[in-house]
Amino acid sequence: MLPILGGVFLGWSLGANDASNVIGPAVSSRMLRFTTAATMASLFVLMGALLQGRSGIDTLSGLTRMNLHQAVLASISAAITVTLMTIGRLPVSTSQAVVGAILGIGLVNRHIDMTGLGKVVTCWVGTPVGGAIMAMVVYRTLAIVNNRLSLNLLESDALLRIGLVVASSYGAFALGANNAANVTAVFVGAGHLSVPSATLIGGLSIGLGILTFSKRVMVTVGSRLVRLDPFSALVVLLAEAITVHFYTFVGVPVSTSQAIIGAVIGIGLLKGIRTVNKRTLLSILSGWLLTPIIAAALVLAMLRYN
Amino acid sequence: MRFLFRKQRMVKALVEAYLDNLRNVQQTFSRAIDSCLGDDASCDFRTLVDETHRFESRADDIREEIKTLMYSKVLLPESRGDIMGLLESIDQIPRFFEIVLNIIRTQKLAIPDLLVSDVRELVSVSMEACDLVFRQVEDLFQRGRRIPELLDVIDKKESQCDIIERRIITTLFDSDIDPFLKIQLKELVVLLGDVSDQADRVSKRINIISLKRRV
């Protein structure tokens, strides 16, 4: 059981970092209280992991062959990388950290499944772009519906609140379904966990991270990059959830951070790029670039001194 | 789509009560001015001024009730801000009514005959602008379809009031009324003109609140 703690640590750091992506807009725009949103998100993450977490685990566990010791080191180095980024208040990709760490192991073992890796990297590029396109599509569609309904102030308010709760729950479900693989796939690959227990441990540990340490990154996503009005917050959440859920069916764990940042930029593009804070965007992009490199370097260093 | 949460329905009911009360303030104000202009000798000006003050205070109380209810997190922060800003802006209208009546009462002003007809017209058009604003507020909490249309009409009423106001001031300063009285009357007329200006400002604000909800 002890080696699994590395995975739990990674799940915790993933939850702490990625919760901002599913409940950040709702909490930052003060539509939902943090505690309510975090509890709700944790439950839906667990549901997503249990019901649809299998496919991502299959992809990641096949990227390289590793033993249990290497699996533990991979998850610890990925977790440290994500935690460092969380302390730095940057929404980063846990998938990138995990894949970076797996590649570090793969370099040592001289075995990397290039087809699987190609699929993963392609999806990394596709995630923010997909998030941006999805946000534009969802924005335009919901705008038409909203304007047709011609709601009064109180009805519009009520609808946005309901929509936000639904979108946050769906986002959390998609996060659990897609990202449980990041947490425990290495242990499945090392033959230490079955897929059902991997999804359960993945879901629970992500939920724990959301409940205990996710408030820090939330501010970056919710208000520093682009100031979101309630309607845009709803669109961003839906776009992110749909994008991530799409990749769950492809079988590749992707970053909710990248999906949501893409969605936020999509909204920024629709409303005029001047609304996007370029400095924050650059720091987020540099975080994305550094994440797999740091994770790979960390695991290589750990292997060397172990 | 007629789904509303309980607390939101309470906000709506309070806003309606606030508007009813505003109509009462407006009515007593109009009657007080009528009595000043000699149109309604049966009315006691002082009683009407006191009544206007009473209704104005009641409007403040209802506004506070709405504020307390909304800050118990009943609405989205943006909606709360919009509604409170709107109510504070509308609240300026009864404040102007009270100031006008208090000036007449404390300075013991009598409207000279040569201004009566124009002042009557100014008050009448200003009251029409207020009526339209109240309808616009109702529309904001119901369907919101007539808001732009009412905005145009209120804008026209405000321009009409500006013209009447300038005409009264010109007549006033062309006359041989005592210069000190001229200044007092001018202040009164400008304040009367402020009613339609404020109605126009409220109307624009309602339009923006409505537009913000169209994406």
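## Buried, exposed and in between

A residue is called buried when its relative accessible area is under 20%, exposed when it is over 50%, and partly exposed in between. Arg63(B) has a relative accessibility of 14%, so it counts as buried. The model described here is predicted.

## Chain A at a glance

Chain A holds twelve helices and zero strands. Read from the N terminus, its elements run α-α-α-α-α-α-α-α-α-α-α-α. Along the principal axes, the C-alpha atoms fill a box of roughly 65 × 35 × 30 Å.

Of the 306 residues in chain A, 60% are buried. Contacts in chain A with a separation of 6 or more come 89% from residues 24 or more positions apart.

## A nonpolar patch on chain A

Which residues make the nonpolar surface patch? They are Met47(A), Leu50(A), Leu51(A), Leu200(A) and Leu204(A). The patch covers about 470 Å². Two helices of chain A, H2 (34–52) and H8 (195–213), each supply at least two of its residues. H2(A) gives the most, with three residues.

Leu204(A) sits in helix H8 of chain A. Its relative accessibility is 48%, so Leu204(A) counts as partly exposed.

## Where the chains meet

The contact takes 25 residues from chain A and 24 residues from chain B. Together the two chains bury about 2300 Å². Carbon and sulfur atoms carry 60% of that buried area. Three residues stand out on the chain A side: Leu153(A), Leu154(A) and Glu155(A) supply 31% of the area that chain A buries against chain B, more than any other three residues.

How many salt bridges are there between chain A and chain B? The count is zero.

## Salt bridges

Side chains of opposite charge can pair when their charged atoms come close. Over all chains, the whole structure has 16 salt bridges. One of them joins the side chains of Lys271(A) and Asp229(A), at 2.5 Å from N to O. Lys271(A) lies in helix H11 (residues 256–271) of chain A, while Asp229(A) lies in the loop between helix H9 (215–224) and helix H10 (230–250), so the pair ties together parts 42 residues apart in sequence. Both partners are partly exposed: Lys271(A) has a relative accessible area of 39%, and Asp229(A) has 21%.

In chain B, Lys204(B) and Asp200(B) form a salt bridge at 2.7 Å, N to O. Both belong to helix H7 (residues 179–212) of chain B; they are four residues apart, so about one helical turn separates them.

## A charged network in chain B

Salt bridges that share partners join Asp60(B), Arg63(B), Glu88(B) and Asp91(B) into one network. Within it, Arg63(B) pairs with Glu88(B), and their closest N and O atoms are 4.0 Å apart. This pair links distant parts of the chain. Arg63(B) is in helix H2 (residues 45–74) of chain B, and Glu88(B) is in helix H3 (residues 77–90), 25 residues apart. Arg63(B) is buried at 14%, but Glu88(B) is partly exposed, with a relative accessible area of 40%.

## Two positive phi angles

Most residues other than glycine have a negative phi. Arg110(A) has a positive one, near 55 degrees. Arg110(A) lies in the loop between helix H5 (94–109) and helix H6 (114–149) of chain A. With a relative accessible area of 78%, Arg110(A) is exposed.

Lys108(B) has a positive phi near 50 degrees. Lys108(B) is found in the loop between helix H4 (92–106) and helix H5 (113–141) of chain B. Its relative accessible area is 67%, so Lys108(B) is exposed.

Methods. Residues are numbered from 1 along each chain as its sequence is written. Chains are lettered from A and ligands numbered from 1 in the order in which they are written. This is a predicted model: local features need pLDDT of at least 70, side-chain atom pairs count only at pLDDT 80 or more; totals for chains, interfaces and linings use all residues. Side-chain values use heavy atoms; hydrogens and water are left out. Patches are made of residues with over 30% relative accessible area and no salt bridge: like charges are joined within 9 Å, nonpolar side chains (Val, Leu, Ile, Met, Phe, Trp, Tyr) within 5 Å. Accessible areas come from the Shrake-Rupley method with a 1.4 Å probe; for residues, only the protein chains shown count as cover. Buried means under 20% relative accessible area, exposed over 50%, partly exposed in between (1.4 Å probe, protein chains only). Contact means heavy atoms within 4.5 Å. Buried area is the accessible area (1.4 Å probe) that two parts lose on being put together, summed over both.
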